[in-house]
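Here are my notes on the two-chain model, as numbered points. Please read them with the structure open.

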Amino acid sequence: MIDVTDLRVTFGQGADAVAAVQGVSFAVRAGESFGLVGESGSGKSTVLRAVVGLNHDWTGSIAVDGAAQGRRREKGFFKSCQMVFQDPYGSLHPRHTIDRILAEPIAIHGLRDADARIDRVLRDVGLGPQFRFRYPHQLSGGQRQRVAIARALVLEPRVLLLDEPTSALDVSVQAEILNLLKRLRAEHALTYVLVSHNLAVVATMCDRLAVMNRGRIVEEMDVEALRRGAAREDYTRQLLRASQGYDRAAADSFKDFA
Amino acid sequence: MSDKPLLEVENLRISFPTRTGVTQAVRGVSFTVGREKLGIVGESGSGKSMTGRAILRLVPPPGIVTADRLSFQGEDLLTLPEKRLRGIRGRRISMVMQDPKFSLNPVMTIGAQIAEAYRVHSSAGTAEAKRRALEMLEAVRIRNPERVYGLYPHEVSGGMGQRIMIAMMLIPNPDLLIADEPTSALDVTVQMQVLAIMDELCSRRGMGMIFVSHDLNLVASFCDRILIMYAGRVVETCRASELHAAKHPYTRGLLDSLPRLDDTRDELPVLTRDPSWLES
């Protein structure tokens, strides 16, 4: 479904150039849930943004659903590939009602029966029609993230790119959103690419994952290996250890991986 | 370790009058802190941060703070004149905030800010303050203190910014440190290193610490004792090592809803909130 080969993204020019992504390749099969894990600055979000077309300056090749992608995306691309952002407080227009937020992608793509679509997608994400004419500030963080998911789903895409979809939420709300995303994937046969720094979230959500550090993929593994803690690379082992709570001895043994 | 607690809080209440009535953010919280690491855990809106702020009388207006007792080493923090309070705030009790981006002065160099924190609370001269600031930067494991001393906050990473904040808060050698989500903006490995620094300083100087966080596992592995807050009340208190045996359904619900690395559950249990939790 998604094929990325030798993706490179550089920001800035000359002496100030920062190579954020340095030759990343991975493939995601249709219906699979793929995790991209790494610390801040590892380039995981940049990879996602390049795939969805929010970043124009990249080299390498990106193919989604068999179609090679250029610098700019065709309108039709977004019918099959949508993104959910990290911060539900920032990603919804504060002065548009939920109805208007959800109607916009339908209008852009010239689809019919907007009413029925909005109604259906709101039910799908567990909000119900009573939320339709509210504004984002009238909703809680979890409800807003549901709206963001609804906006991505309203075009009935096949691929959903999720950039830290629960890191701004409380743990009890996180569980609700993760359950929702799991159910939606099963019902609509969606393909997910999930970016997260939280290994436990990736362990519950994904089939396979890639660990990134400093713009490169360090290791690819399936989720079974992650659950067993069977990492090949030192970097992944350190990340695993750091995710398991505070441990004085472990903290002293940490080192930087270049 | 002295037996007398550093801080005693009894029946702390914080309320905010609004157009639609009075909102009670904290509703009768009592606890004591000795020379130990006390964790306060809860979700957003549980009142955990407000509790930390009330100790330093930093609740923003129009918030109203009342308590039967709010005393630090025998001094009543509620009635202490502002001038005397300044001798405690920052000097004997200091507070590390969540986000270094908003808590450091953007137009002052890092070194100048740390040195200022020291000079305000002691009679040291400029040279002495600089020497102490460099020592402190080294203590929080900043590799090149001389270089970092002259940098501005926007020139350092989030992890380094947080370590700088900690250095600034620890330089007056406080007895009690209130840390409000000090590591939640950091990567897991940096988070561990920052915690190790605070842990070491706690044990070496016999400092008390209040660690406010939403991260149950982190608090359980880092602190000695934990308060779990829900809707402005403490619903459960336990030793950190016994968190997994917590009894209150809210704590249990929170623990269950956390995804785990070895998770094979198809669906995560979702917390169902019982209105009776608001009462008891």
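1. Start with one residue. B:Leu195 is buried, because 24 other C-beta atoms lie within 10 Å. The cut-offs: a residue is buried with 20 or more other C-beta atoms within 10 Å of its own, exposed with 12 or fewer, and partly exposed in between, the C-beta atoms being placed from the backbone. B:Leu195 sits in helix 8 of chain B. Helices here are DSSP runs of H or I of at least four residues, strands are runs of E of at least two, and both are numbered from the N terminus.

2. Ground rules. This is a predicted model, in which local features need pLDDT of at least 70 and side-chain atom pairs count only at pLDDT 80 or more, while totals for chains, interfaces and linings use all residues. Residues are numbered from 1 along each chain as its sequence is written, and chains are lettered from A and ligands numbered from 1 in the order in which they are written.

3. Confidence. The model has ipTM 0.79 and pTM 0.85. For chain B the average pLDDT is 89, and 99% of the residues score at least 70. pLDDT is the predictor's confidence in each residue, from 0 to 100.

4. What does B:Leu195 touch, leaving aside its neighbours within four places in sequence? The partners are A:Tyr246 and A:Ala251 in chain A, plus B:Thr183 and B:Phe222 in chain B. Contact means that the C-beta atoms of two residues, placed from the backbone, lie within 7 Å. B:Phe222 is 27 residues away from B:Leu195 along the chain, yet their C-alpha atoms are separated by 7.8 Å.

5. The interface between the chains. Here 29 residues of chain B meet 30 residues of chain A. On the chain B side, the elements giving two or more residues are helix 8 (188-205), helix 9 (216-222) and helix 10 (249-257). Helix 8 of chain B gives the most, with 7 residues. By class, the chain B side has 14 nonpolar, 8 polar and 7 charged residues. For the classes, Ala, Val, Leu, Ile, Met, Phe, Trp, Tyr, Cys and Pro count as nonpolar, Asp, Glu, Lys and Arg as charged, and the others, Gly among them, as polar.

6. Domains of chain B. The assignment gives domain 1 (1-92 + 176-280) and domain 2 (99-171). Such bounds come from an automatic or database domain assignment. The C-alpha centres of these two domains of chain B are 26 Å apart. Between them, 14 residues of domain 1 are in contact with 11 residues of domain 2.

7. Chain B overall. Chain B has 10 helices and 11 strands. Along its principal axes, the C-alpha trace of chain B spans about 60 × 50 × 45 Å. Buried residues make up 44% of chain B. Of the contacts in chain B between residues at least 6 apart in sequence, 66% join residues at least 24 apart.

8. Chain A overall. Chain A has 10 helices and 10 strands. Its radius of gyration is 19 Å, close to the 18 Å from the globule rule for 258 residues, so chain A is as compact as a globular protein of that length. The C-alpha trace of chain A spans about 55 × 40 × 35 Å along its principal axes. Buried residues make up 44% of chain A.

9. Why call helix 1 (residues 44-52) of chain A largely enclosed by the rest of the structure? Because 9 of its 9 residues are buried. Among them are the charged residues A:Lys44 and A:Arg49. Next comes A:Gly53, whose phi is positive, near 90°.

10. Annotation. UniProt, in an unreviewed entry, lists "domain: ABC transporter" at residues 7-256 of chain B. That span is 38% helix and 27% strand, with its end C-alpha atoms 32 Å apart. In chain A, the feature "domain: ABC transporter" (unreviewed entry) is placed by UniProt at residues 2-239. Those residues are 36% helix and 27% strand, and the end C-alpha atoms are 26 Å apart. UniProt positions follow the numbering used here, feature names are shortened, and annotations may be inferred rather than shown by experiment.

Note on methods. Rg over C-alpha atoms; globule rule 2.2 N^0.38 Å.
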